[in-house]
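Here's a quick tour of one model, section by section. Have the sequence and the structure open while you read.

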Amino acid sequence: MNTESAPLFTPAPEWSGRSDGPGAEHARWHSVINQTESAPVTLLGFASDEGVLRNGGRQGAAAGPAALRTALGSLAVHHGHALADAGTITTQGDDLDGAHEALSDKVEELVRSATLPIILGGGHETAFGSHRGLFRARGATPIINLDAHFDLRHADHATSGTPFTQISQLTDDFDYTVFGISRPNNTAVLFNDADKFGVNYTLDEELVNLTPAECGALATQATAAADKVHLSIDLDVLPASTAPGVSAPASLGVAYERIRALAVAIAATGKLALVDVVELNPTFDIDNRTAKAAARLIDDIVNAHLTAVSGQ
């Protein structure tokens with residue numbers, strides 16, 4: 001690896017946010033995170049949009065981890081569990097392969113330490129590096145992706161459109177489900193490839209006709225045969241009015257309450273092994289709508305997961 005372009009690792013930043021006073025009754029993310037060396041949930045940033053650039057998208061996702069931490073900082077904490085932040089890996093120059101290797105190494109370490117890693121992206125290239133770390137730690141693991149796109153493209157190098165093609169090459173047991181696929185934004189080639197890979201998918205136009213409870217039931221059903229799952233959330237699955245700050249805003253999208261119901265139902269199974277939240281582009285956000293929507297999703301996922309695994 002060229003050391004001049006090696007991925008940069010920065011320790012967890014000092015968190016800040018609203019403060020109403022000391023004590024557990026006033027707890028917020030910024031006041032409780034990193035108060036312990038071990039925690040059941042650990043955040044890790046992946047500041048990269050090299051994959052977005054290669055895929056022809058709008059750059060800016062490298063600023064996503066910082067914006068997500070800011071949006072999370074003032075959210076109230078209603079549980080007594082520890083939360084941790086493992087810092088941020090940043091792609092240097094065009095060395096996405098090196099950044100992916102660093103991400104895989106860190107995720108493998110976190111998974112082996114029995115914490116739930118939540119990766120703050122970054123473009124959707126994040127998912128390959130994060131999943132490979134999970135794969136190294138525990139083998140093939142089913143993936144559930146909330147996304148308008150399959151991200152099953154073929155290219156000579158990694159992009160934000162290739163992560164699940166790359167993951168498929170890690171194992172003969174590739175198990176991939178996507179909720180929110182936009183038919184106009186995926187070519188016939190991608191649908192054909194999805195069929196070849198045996199991908200289970202639900203279109204955005206199907207989800208919009210379901211209630212949130214029905215969406216939750218679909219998600220629970222998708223995890224039924226799994227021991228653990230990797231949940232990947234591409235924020236461009238949401239309508240542009242909810243998530244304007246993404247690389248490719250959706251013309252239709254799936255309403256927030258339905259995406260939330262899918263994510264929370266998966267977390268409530270207690271089967272989460274890895275989560276990544278990607279494609280936040282603060283440059284194009286409006287009133288921090290996208291960052292706030294993503295932060296609420298992360299907070300809800302954490303709460304549902306902790307309740308499931310602790311029984312509290």
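## Ground rules

A residue is called buried when its relative accessible area is under 20%, exposed when it is over 50%, and partly exposed in between (1.4 Å probe, protein chains only). This is a predicted model, where local features need pLDDT of at least 70 and side-chain atom pairs count only at pLDDT 80 or more, while totals for chains, interfaces and linings use all residues. Residues are numbered from 1 along each chain as its sequence is written, and side-chain values use heavy atoms, with hydrogens and water left out.

Let's start with the UniProt record. Its unreviewed entry lists His124, Asp147, Asp151 and Asp234 under "binding site". These residues span 111 positions in sequence, yet no two of their C-alpha atoms are more than 10.3 Å apart, so they gather at one spot. Another "binding site" annotation in the unreviewed UniProt entry covers Asp147, His149, Asp234 and Asp236. That set is spread over 90 residues of sequence but clusters in space, with a largest C-alpha distance of 8.7 Å. One caveat: UniProt positions are given in the numbering used here, feature names are shortened, and annotations may be inferred rather than shown by experiment.

Where does His124 lie? His124 is in the loop between strand 4 (116–121) and helix 5 (126–138); helices (H or I, at least four residues) and strands (E, at least two) are DSSP runs, numbered from the N terminus. His124 is buried, at a relative accessible area of 0%. Not counting residues up to four places away in sequence, His124 touches Asn145, Asp147, Asp151, Ser160, Pro163, Phe164, Ser232, Asp234, Asp276, Val278 and Glu279, where contact means heavy atoms within 4.5 Å.

Asp234 sits in strand 8 (residues 229–234) and is buried too, with 1% relative accessibility. Leaving aside neighbours within four places in sequence, the contacts of Asp234 include His124, Asp147 and Asp151, along with Val278 and Glu279.

## The loop between strand 5 and helix 6

His149 belongs to the loop between strand 5 and helix 6. Is His149 buried or exposed? At 17% relative accessibility, His149 counts as buried. Beyond four places in sequence, its contacts are Tyr176, Val178, Ile181, Asn185, Asn186, Asp236 and Ala248.

Arg153 has its place in the loop between strand 5 (143–146) and helix 6 (163–168), but Arg153 is partly exposed, at 41% relative accessible area. Arg153 and Thr165 are 12 residues apart along the chain, with their C-alpha atoms separated by 6.6 Å. Thr165 is also one of the residues that Arg153 touches, the others being Asn55, Gly161, Thr162 and Leu190, if residues up to four places away in sequence are not counted.

Most residues other than glycine have a negative phi, and most peptide bonds are trans. Gly121 and Gly122 are joined by a cis peptide bond, with omega about 20 degrees. Gly122 is in the loop between strand 4 and helix 5.

Asp151 is not a glycine, but has a positive phi of about 55 degrees. Asp151 is found in the loop between strand 5 and helix 6 and is buried, with a relative accessible area of 9%. Asp287, again not a glycine, has a positive phi of about 55 degrees. Asp287 lies in the loop between strand 9 (272–278) and helix 11, and at 61% relative accessibility Asp287 counts as exposed.

## Helix packing around helix 10

The axes of helix 10 (residues 256–267) and helix 11 (residues 289–310) come within 8 Å and cross at roughly 30 degrees. Axes here are lines fitted to C-alpha atoms, for helices over the stretch in contact, and angles run from 0 to 180 degrees between N-to-C directions. The contact involves residues including Tyr256, Ile259 and Arg260 of helix 10 and Ala293, Arg296 and Leu297 of helix 11. By type, the contact residues of this pair divide into 10 nonpolar, 1 polar and 3 charged (Ala, Val, Leu, Ile, Met, Phe, Trp, Tyr, Cys and Pro count as nonpolar, Asp, Glu, Lys and Arg as charged, and the others, Gly among them, as polar).

Helix 9 (residues 212–222) and helix 10 have axes that come within 8 Å and cross at roughly 35 degrees. Pro212, Cys215, Gly216, Ala219 and Thr220 of helix 9 meet Glu257, Arg258, Ala261, Leu262, Ala265 and Ile266 of helix 10. Those contact residues divide into 7 nonpolar, 2 polar and 2 charged.
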